[in-house]
Each structure stands twice: as C-alpha cells, then as structure tokens.
Amino acid sequence: EPKLKEVFDGDFLIGAAVNPLTIRAQEALLVHHFNSITAENEMKFERIHPAKDTYEFGAADALVSFAGRHGMKVRGHTLVWHNQSTDWLFEDGSENLTDRGTLLSRLKSHIDTVVGRYKGAIYAWDVVNEAVSDEGEELLRSSKWLDIAGPDFIAKAFEYAHEADPNALLFYNDYNESHPHKRDKIYRLLKSLLDQGVPLHGVGLQAHWNLYDPQLDDIRTAIEKYASLGLELHLTELDMSVFRFEDRRSDLAEPTPEMAELQAQRYEAIFRLLKEYRDVIGSVTFWGAADDYTWLDDFPVRGRKNWPFLFDASHRPKPAFYRVVEGA
Ligand code: XIL
C-alpha cells in the first residue's frame with residue numbers, strides 16, 4: 001500500500017509515538033509509513049531521571065537509535081510536566097517542598113543532561129507540557145512547578161533548553177488546544193512568552209480528538225490563531241477515539257459500521273484541512289500507530305478497548321487510511 005510518509009512528503013512529517021514493545025510488535029508498519037517517532041513515556045522525568053543522581057537512558061537511547069537506523073526524525077517528549085515527574089524533584093530530602101532556587105537548578109541540570117545527550121539527534125522538544133488550566137480564569141494550572149518556582153518556570157525551561165541545544169526547535173505542547181476557552185489561554189501564554197523574548201519556536205497541538213469533537217471550524221481557528229504568532233505547528237499526539245466522553249462506560253466489542261464510517265470521514269476531512277496549512281505544520285504525529293495498542297485502551301476507563309488509528313489491530317489499513325490517502 002502507499003506509504004503515508006510519501007503521500008505527505010513535502011507537506012509534513014508523519015510520526016508515531018512508540019515504546020519498546022510497539023517498536024518490536026509494529027516495526028514493519030512503523031518503518032513503512034512513518035518518518036518521525038516520539039517516545040511515549042521513555043523520556044519523561046520519572047523514567048529518564050528517577051532518582052536525584054540516577055539517569056536511565058537505556059530505553060530512550062534504543063528508540064533514538066531505532067530512528068537513526070530507519071532515517072526517522074525524533075521529537076523529544078517532555079521536559080516539564082505536572083505528571084510522570086518524581087517526588088524527589090520537588091522535595092528537600094525530608095519530605096518537605098524544596099525552594100525555588102533548588103527546583104530551578106535541578107531543572108537546569110536535568111535539561112542540560114537530557115537535551116545535551118540527544119543534541120543533534122532530537123530535532124524538536126516538547127519543553128513544557130500542559131501548563132495551561134482547562135477551566136476558570138486562571139491561566140496556569142496549579143502544580144508543584146507553579147507553587148514552588150512561580151510562573152516563570154516556563155520561560156526558564158525554554159531558556160535552559162535553548163542553551164543546551166541552540167539548534168533544537170522548542171515547543172509548548174497542550175491538549176484541548178482547539179476548544180475556544182483553552183485555545184485563547186494557550187494563545188495568551190505563547191504570546192507573552194514571545195513578547196518576553198523566550199526562545200519558543202513552536203506549539204504542539206496534542207489532538208486527542210474523538211468522532212464528534214472538536215469541530216473542524218474550531219481546529220481551523222486554532223491553527224490560524226497559533227500560526228499568527230509566527231510559530232511552527234506540530235500535531236503531536238493525534239488519535240481519534242471512537243467514544244464520546246458520555247459513552248465512556250460503553251462495552252462495545254468493536255466499532256459499529258457507522259462509527260467506522262464517521263472515523264474515516266473525520267480523518268479525511270482533518271487531513272485535507274491540515275494540508276491547507278502545510279506551510280506552518282511541520283509534523284503530524286499519532287499517539288501510537290495501529291489499533292492493537294493505544295493508551296486509550298486504559299484511559300479514562302481501565303480495560304476499555306479503543307480503535308483510534310488508521311491501521312487495525314493486525315496493522316492492515318482501515319477505510320480511514322484509504323480516505324486520507326485518496327483525499328491527499
Ligand atoms: C500517556 C501515555 O500514552 C501513557 O502510556 C501513560 O500512562 C500516560 O501518558 N498527554 C501527553 C502524553 O502529553 O505524554 C500522555 O501519554 C497522553 C496525554
């Protein structure tokens with residue numbers, strides 16, 4: 001079948017999130033269709049820097065060398081996040097919170113070490129992930145980063161990353177990026193970082209979408225709004241859940257034909273839309289590759305199966321794949 005990366009050659013890179021298991025189970029599919037990978041978990045703080053003086057690079061190194069062998073680019077994910085960090089980072093050694101200076105110096109040495117190690121091999125980093133709050137008027141979500149270091153932990157992270165690898169493209173990454181309220185807040189954060197001269201080069205739209213939401217118009221508005229700042233855009237974690245939030249207790253054994261058709265239509269329309277913005281979109285990365293494995297099997301309801309990709313559980317192209325390819 002046609003290779004996705006060739007179908008969209010000259011438009012944007014086609015990426016997949018991978019982990020050590022999927023690299024083995026999905027190797028042929030990954031190599032055929034994708035020219036970019038992101039580590040699903042292996043570069044997150046708790047994995048790569050689990051204790052104060054302990055770094056675990058094995059799994060991350062293996063993913064980077066897999067990419068190198070197959071001519072794929074690598075997106076780095078992620079340096080600062082409120083999830084999947086480790087307790088020691090925020091503590092003073094006796095279970096009290098540490099102080100701002102200590103936290104920032106730990107952040108700097110983490111970024112120096114991790115970004116420095118993959119200098120030249122990782123071309124783009126999600127420096128800060130999900131710092132904006134979903135609800136209410138507060139711009140930033142509450143987190144230990146915010147509580148201990150104050151709001152400029154964000155600017156600091158970008159500055160440290162830029163020092164560690166001046167050639168890497170540095171991204172702010174978030175979800176609900178197309179919803180009007182959150183979209184406007186993300187825009188405000190990005191604009192203020194740029195106004196302060198922070199080395200920010202791109203915005204990652206996670207794109208955890210479903211059959212019904214968000215509306216295409218809201219996606220288009222988000223793209224235009226972020227692009228108006230002169231930033232590069234990446235879709236960083238695209239998947240299309242066949243459930244709506246209200247249906248999350250569904251025990252559906254497989255998508256109904258209507259759901260499969262809707263998924264195909266949505267994927268086709270979305271890729272047509274993305275192609276219109278090929279000049280500002282550098283990469284479209286799925287948060288996985290085929291329906292045999294997706295984090296949505298376990299989230300938000302444990303054990304629930306989902307089918308969010310263009311390839312089925314046997315790695316065969318789904319109707320959605322052909323629609324995307326024919327529409328391109
Ligand atoms: C998810 C992984 O896919 C899961 O395996 C893990 O248990 C939790 O994190 N937004 C992000 C990603 O930025 O890092 C998350 O990845 C999904 C939501």
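What covers the buried residues of helix H12 includes strand E8 (232–241), strand E9 (281–286) and helix H13 (319–327). Helices (H or I, at least four residues) and strands (E, at least two) are DSSP runs, numbered from the N terminus. A residue is buried if 20 or more other C-beta atoms lie within 10 Å of its own, exposed if 12 or fewer, and partly exposed in between, with C-beta atoms placed from the backbone. Two residues are in contact if their C-beta atoms, placed from the backbone, lie within 7 Å.

Two notes on what you are looking at. This is a predicted model, where local features need pLDDT of at least 70 and side-chain atom pairs count only at pLDDT 80 or more, while totals for chains, interfaces and linings use all residues. Residues are numbered from 1 along each chain as its sequence is written.

Let's stay with H12 for a moment. Which residues of H12 are buried? They are Gln263, Ala264, Tyr267, Glu268, Ile270, Phe271 and Leu274. The helix runs over residues 257–276, and its 20 residues should span 28 Å at 1.5 Å a residue; the end C-alpha atoms are 29 Å apart, which agrees. The expected span here is 1.5 Å times one less than the number of residues.

Now step back to the whole chain. The protein chain has 13 helices and 9 strands. Its radius of gyration is 19 Å, close to the 20 Å that the globule rule gives for 328 residues, so the chain is as compact as a globular protein of that length. For that comparison, the radius is taken over C-alpha atoms, and the rule is 2.2 Å times the number of residues to the power 0.38. Along its principal axes, the C-alpha trace spans about 55 × 40 × 40 Å. Buried residues make up 44% of the 328 residues. Among contacts between residues at least 6 apart in sequence, 74% join residues at least 24 apart.

Next, please find helix H10, residues 180–195. This helix has 16 residues and reaches 22 Å from its first C-alpha to its last, close to the 22 Å expected at 1.5 Å a residue. The buried residues of H10 are Arg183, Lys185, Ile186, Leu189, Leu190 and Leu193. They cover an arc of only 165 degrees around the axis, which puts them on the same side of H10. That arc is the one made by the directions from the helix axis to the C-beta atoms. An α-helix has 3.6 residues a turn, so residues three or four places apart point the same way. On the other side of H10, Pro180, Arg188 and Asp195 are exposed. What do the buried residues of H10 pack against? They pack against helix H9 (153–164), strand E5 (169–174), strand E6 (202–205) and helix H11 (216–227). Just after H10, Gly197 takes a positive phi of about 80 degrees.

That brings me to some backbone details. Most residues other than glycine have a negative phi, and most peptide bonds are trans. Gln84 has a positive phi, near 50 degrees, and is not a glycine. You will find Gln84 in the loop between E3 and helix H6 (87–90), and it is exposed, with 12 other C-beta atoms within 10 Å. Glu95 also has a positive phi, about 65 degrees, although it is not a glycine. Glu95 sits in the loop between H6 and helix H7 (100–117), and with 7 C-beta neighbours inside 10 Å it counts as exposed.

As for cis peptide bonds, one runs from His77 to Thr78, with omega near 0 degrees. Thr78 is found in strand E3 (residues 73–80). Another cis bond joins Asp213 and Pro214, with omega about 0 degrees, and Pro214 lies in the loop between strand E7 (208–210) and H11.

Finally, the ligand. Which residues surround the ligand? They are Glu40, Asn41, Asn129, Gln206, Glu237 and Trp295, each with its C-beta atom, placed from the backbone, within 6 Å of the ligand. This shell divides into 1 nonpolar, 3 polar and 2 charged residues. Here Ala, Val, Leu, Ile, Met, Phe, Trp, Tyr, Cys and Pro count as nonpolar, Asp, Glu, Lys and Arg as charged, and the others, Gly among them, as polar.

One last stop is Trp287, in the loop between E9 and H13. Trp287 touches Ala17, Glu237, Leu238, Asp239 and Trp295, not counting residues up to four places away in sequence. With 22 C-beta neighbours inside 10 Å, Trp287 counts as buried.
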